[in-house]
Amino acid sequence: MLPPIQQLTNPPERPLDASFGEKRELLDAARRAALRYIETLDSRSVAPSVDALDALGSFHVPMPEEPTDPLAVIEMLDRLGSPATMATTGGRFYGFVVGGALPVTTAASWLAAAWDQNAGTYALSPVAAELEEVVSNWLLDLLDLPRESVVGFVTGSTMGTFSALATARNELLRRSGYDMTRSGLAGAPRLRVVTSEECHPTNLATLGYVGIGLDQVEFVPTDQHGQLDVKQLPRLDQHTIVMLQAGNINSGAFDPFSEVCQRAQQAGAWVHIDGAFGLWARASSNYSHLAQGAEMADSWSVDGHKWLNLPQDSAVYMCRHPEAVASVFDVTATYLVRSSQRQPNTLTPELSRRARGVEFWAALARLGRSGVADIIERTCAHARQFAKELRAGGYEILNEVVLNQVVFGLPTEAATREALSRIQEGGVTWLGPTTWKGRYAMRISVSSAATTVDDVEQSIAAIVAAGHRAQRIASP
Ligand SMILES: *Cc1c(COP(=O)(O)O)cnc(C)c1O
């Protein structure tokens, strides 16, 4: 006989914050805090103040034993958290290519948060799967990439490149008769990787994730613009993955896609393009020539959360070999009956995840082709204005400003460092350091759709003033 079902001595009365009234009160509190944050963004320091950073210490308390009032939770987040943010979503942050968030994407993200969809499978979220399908087609069209490609929605370009490299690895090995899914890397033929010596560091990290060590990488020198020097490209073969970049993280330069892709195709090598921000140049008729030939590659990664101005945690990778993608991610395909519906989890490393396609869809629907092109063209024009006026204000511009990136400095490293710390502390704008061709420098990346000419002028004034002060200190 089964034992009687044990009676809970103290059955829970009801879930926390379960009534509609309680939910509304909470969401209203969050909405008010968010609006206050956005409204005051422009008048605060871009970097958080020292006081705001110190106040974060108040979060460091032992895990509470009992529940906290939910309004107090939101209030504390706003009081301590909001001032300690970097104002990347405003118009005067140029430190990394991070972009802001278009208002329509923030709004779509709120609605999607209320839906709380698990976007892993069609059954769990038909709307998430369908929106991803729509966005996939729109993106391939907008970026003019092979329409047969599959598009996977990932957290960022790092994971996009990881997904593409895992696919490249399986496919190159399959072509030489080796089944990576069954046998793993032990005993696999050796793969080579060819990339520029200025490739983004995340790409080298992802090689490790797919089991290819740095010793297998052949680095190709770059020219003075930061572009892979095709004359020094080694011989390619059918065991080679070539990683190119659309948008050098410093100079914005593009690798010579047409020549390299032709050589790769003849040799049976795989080409992946890291297009984290620069691939969007293909959406503007004024800049698409820079990324000419990118359509000949095998796979691409591009961020939504940078130049397209989606909230963070949004990117895609694209691959023109759907069966190769399935061999890595569609591990269930062998025993599950396939449906014609999109199954997002068969295209990426994740099963459960949020519905990233919602924000992509909202942005592309809101902007249209002309709106995407406008973001690219406006931010590139801002970068040219920075270069022109910073040069007039006593700085040396170190890169050819072909896109949204400006690398610049003062004659000595000491003066450049001094100017940078004054700029960062001043709070008007925020940028960071870089090393360009062995020289310590500062870098501006204009990638927020919120940036106005007024933001640029205020920032130039602050940067020029800091440069003058720094030079007076450096050479009294
Ligand atoms: C930002 C960036 C990456 C990494 O992308 P995440 O979205 O941060 O993962 C890779 N390559 C380039 C050129 C980048 O700018």
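Trainee: Which helix gives the most to the lining of the largest pocket?

Mentor: That is α1, with five residues. Helices α1 (20-40), α3 (70-81) and α4 each supply at least two residues of that lining. Helices here are DSSP runs of H or I with at least four residues, strands are runs of E with at least two, and both are numbered from the N terminus.

Trainee: Before we go on, what am I looking at, and how is it numbered?

Mentor: This is a predicted model, where local features need pLDDT of at least 70, side-chain atom pairs count only at pLDDT 80 or more, and totals for chains, interfaces and linings use all residues. Residues are numbered from 1 along each chain as its sequence is written, and side-chain values use heavy atoms, with hydrogens and water left out.

Trainee: Back to the pocket. What volume does the largest pocket have?

Mentor: About 1100 Å³. A pocket is an open set of points on a 1 Å grid over the protein atoms alone, with protein on both sides within 12 Å along at least five of seven lines. Volume is the space filled by probe spheres set on the points, which are joined across faces, edges and corners.

Trainee: How many residues line the largest pocket, and which lie nearest its centre?

Mentor: The lining has 38 residues, and Tyr 37, Ile 38, Thr 89, Ala 101 and Thr 106 lie nearest the centre. Lining residues have an atom within 4 Å of a point. By class, the lining of the largest pocket holds 19 nonpolar, 15 polar and four charged residues. Nonpolar covers Ala, Val, Leu, Ile, Met, Phe, Trp, Tyr, Cys and Pro; charged covers Asp, Glu, Lys and Arg; the others, Gly among them, are polar.

Trainee: Which polar side-chain atom lies 2.6 Å from an oxygen atom of the ligand?

Mentor: One from Thr 158. A side-chain N or O atom of Lys 306 is 2.9 Å from a ligand oxygen. Ser 157 uses its backbone instead, with an N or O atom 3.0 Å from an oxygen atom of the ligand. The protein covers 85% of the 380 Å² of accessible area that the ligand has on its own. Those areas come from the Shrake-Rupley method with a 1.4 Å probe.

Trainee: Switching to single residues. Is Thr 195 buried or exposed?

Mentor: Thr 195 is buried, because its relative accessibility is 1%. Buried means under 20% relative accessible area, exposed over 50%, and partly exposed in between, with a 1.4 Å probe and protein chains only. Thr 195 is in strand β2 (residues 192-196). Its side chain reaches the backbone oxygen of Met 243 at 2.8 Å. A polar contact is a pair of N or O atoms within 3.5 Å; within protein, one must be able to donate a hydrogen and the other to accept it, and residues adjacent in sequence count only if both atoms are side-chain atoms.

Trainee: Where is Glu 132?

Mentor: In helix α5 (residues 126-142). Glu 132 is buried, at 1% relative accessible area. The C-alpha atoms of Glu 132 and Ala 355 are separated by 8.4 Å, though the two residues are 223 apart along the chain.

Trainee: What about backbone angles? What is phi of Asp 116?

Mentor: Near 45°, a positive value in a residue other than glycine. Asp 116 lies in the loop between α4 (103-115) and α5. With a relative accessible area of 63%, Asp 116 is exposed. Asp 313 is not a glycine either, and has a positive phi of about 85°. Asp 313 sits in the loop between β6 (299-303) and β7 (315-319), and is partly exposed at 29%.

How values were computed. 1 Å grid on protein atoms, 1.4 Å probe; cavity = no way out; pocket = protein on both sides within 12 Å on 5 of 7 lines; lining within 4 Å.
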